[in-house]
Amino acid sequence: MFHGSGLFALLLMVLEWTRPGLSSPLRPICDLRVLDHFIKEAWDAEAAMRACKDACSIATNFTVPLTRVDFDVWEAMNIEEQAQEVQSGLHVLNEAISSLQASNQTDVLQSHIDASISNIASIRQVLRSLRIPEYVSPTSGGEDKEMQNVSSISELFQVHINFLRGKVRLLLANAPVCHQGVS
């Protein structure tokens, strides 16, 4: 398994930069195969958590983002609203997965947890390369309207997978900077 996923995203950025004829040092990462790499690693982590059963159980609930997408509502949102929903979800997933670091998991499971945290940071870098607005903490109590609770580590990672496959993919696929000059 490839643990340096942050390095993977960085390598893709550098390769794009060093391509002949490019004048800009940071090109947007519009290739969804980068996201597919992170989804595969999330699948691996979820499978490891599911296989572990009782040894990986933890007596707590995790707050996670809702993963279902109402396409009519999504398409009616502007890019800033979509970005805020994705960035907020990534923030909540990062907090939930980070809370596992202190749970004394096996080395293999700890490596999946660490890789997942690193992957979320890398996804945020990809979003930054696409000039997608970063997470802004809400000033009112409206943050939990798009959240749910799950009660197992396996469910947490299943939500992680679905969030990447759903809202993150939609945002990346429709990033305005990836469609400039395309008719």
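Modeller: From the N terminus on, the protein chain runs α-α-β-α-α-α-β-α, giving six helices and two strands. This is a predicted model, where local features need pLDDT of at least 70, side-chain atom pairs count only at pLDDT 80 or more, and totals for chains, interfaces and linings use all residues. Residues are numbered from 1 along each chain as its sequence is written, and side-chain values use heavy atoms, with hydrogens and water left out.

Colleague: Why is H2 called roughly antiparallel to H5?

Modeller: Helix H2 (residues 33-52) and helix H5 (residues 107-129) pack at about 155°, with axes 10 Å apart. Angles between N-to-C directions run from 0 to 180 degrees, on axes fitted to C-alpha atoms over the stretch in contact. Over 145 degrees counts as roughly antiparallel, so H2 gets that label against H5.

Colleague: Which residues in H2 meet H5?

Modeller: Among them are Val34, Phe38 and Met49 in H2, which meet H5 residues including Leu109, Ile113 and Val126; contact means heavy atoms within 4.5 Å. By class, the H2 contact with H5 has eleven nonpolar, four polar and two charged residues. Nonpolar covers Ala, Val, Leu, Ile, Met, Phe, Trp, Tyr, Cys and Pro; charged is Asp, Glu, Lys and Arg; the others, Gly among them, are polar.

Colleague: How much of the protein chain is buried?

Modeller: Buried residues (under 20% relative accessible area, 1.4 Å probe, protein chains only) make up 42% of the 183 residues.

How values were computed:
Helix = DSSP H or I, 4+ residues; strand = E, 2+ residues; numbered from the N terminus. Parallel < 35°, antiparallel > 145°, perpendicular 65-115°, else oblique. Buried < 20%, exposed > 50% of the residue type's maximum accessible area, 1.4 Å probe, protein only.
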